[in-house]
Amino acid sequence: MSLKSLALIENWPVPTAAAGVVRADGTVLGTHGPTGHRFPLASVTKPLAAYAALVAYEEGAIELDEPAGPEGSTVRHLLAHTSGLAFDEHRTTSAPGERRLYSNAGFEQLGDHIAKAADIPFAEYLRQAVLEPLGMTSTSLEGTASPAKDATSTVDDLLRFAAEVQAPRLLDPRTVAEAMTVQYRSTKGVLPGYGHQNPNDWGLGFEIRDAKSPHWTGGASSPRTFGHFGQSGTFLWIDPAAGVACAALTDRAFGPWAVEAWPPFTDAVLAEIRG
């Protein structure tokens, strides 16, 4: 089966784009564009880093509620963007659990915490814990690069990851269910590119759609949809109600073009699958 709706990426004002849709059993329902082309992921790096953190938790290297990051913060706070750390600076702007302050710095401190606990550089831990077992051979986070935003990958590899998240083999399904569950409920905050949201729901490393408006997924996306988008013009969403995940990667920075193009694209994909 191939999805005609994926060809809508041809209309996006970007130099290069690729997209694909996968079911939980790993069946790829369709792809379009150069799915083996490596793109910078920007913040779509975060779900990969979060998954590595959950492996570290299940291996006993860390605990979700142990201290990490600024004083009073835990691993859970860092994963859920409630540590109080600023967006791109290693300084606190609020108390842990008070607000949803989307923070690259928080994921960088999370990476440092895991590296110390596991006695291995975080990039290498990510490779051994997630990328290698899933056959994501075209995905990498180099050396001391930021676990918040510096990975590169392909649509083919992200579809492997999305199949894993839908039907976990590396983790206990209960751990992944926790990652899809709102942490620190009723927390307000800004969703980058989409303004203030009340509540601004987030799981463990995955943003949760719920009733957010405006949003980068579609009007037909279920409230349970979770995933991430990146400032490099990239996204990955998983819609448990539809039983599918979709990844789209481009080489044009996120901006008004994406705000306009992504929701109708998602709605078209969901309509074709449901139809």
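**Exercise 1.** Which side chains meet in a salt bridge with 2.9 Å from N to O?

*Solution.* Before we start: this is a predicted model, where local features need pLDDT of at least 70, side-chain atom pairs count only at pLDDT 80 or more, and totals for chains, interfaces and linings use all residues. Residues are numbered from 1 along each chain as its sequence is written, and side-chain values use heavy atoms, leaving out hydrogens and water.

Step 1: recall that a salt bridge puts a side-chain nitrogen of Lys or Arg within 4 Å of a carboxyl oxygen of Asp or Glu. Step 2: the pair here is Arg-76 and Glu-178, at 2.9 Å. Arg-76 sits in helix α2 (residues 75-79) and Glu-178 in helix α6 (residues 173-179), so the pair links distant parts of the chain, 102 residues apart. Helices here are DSSP runs (H or I, at least four residues), strands are too (E, at least two), and both are numbered from the N terminus. Step 4: the whole structure has 11 salt bridges.

**Exercise 2.** Work out how helices α1 and α4 pack.

*Solution.* Step 1: get the geometry. Helix α1 (residues 45-58) and helix α4 (residues 122-131) cross at about 75°, with axes 9 Å apart. Axes are lines fitted to C-alpha atoms, for helices over the stretch in contact, and angles between N-to-C directions run from 0 to 180 degrees. Step 2: name the arrangement. Under 35 degrees is roughly parallel, over 145 roughly antiparallel, 65 to 115 roughly perpendicular, and the rest oblique. So α1 and α4 are roughly perpendicular. Step 3: look at who touches (contact means heavy atoms within 4.5 Å). Among them are Leu-48 and Tyr-51 of α1, plus Phe-122 and Leu-126 of α4. Step 4: sort by class. The contact has 11 nonpolar, no polar and no charged residues. Nonpolar covers Ala, Val, Leu, Ile, Met, Phe, Trp, Tyr, Cys and Pro; charged covers Asp, Glu, Lys and Arg; the others, Gly among them, are polar.

**Exercise 3.** Find the two prolines that follow a cis peptide bond, and a residue with positive phi.

*Solution.* Step 1: the bond from Asn-198 to Pro-199 is cis, with omega near 0°. Pro-199 lies in the loop between β6 (195-197) and β7 (207-208). Step 2: Ser-213 and Pro-214 are also joined by a cis bond, omega about 0°, and Pro-214 is in the loop between β7 and β8. Step 3: Ser-186 isn't glycine, yet its phi is positive, near 70°. Look for Ser-186 in the loop between α6 and β5 (189-191).
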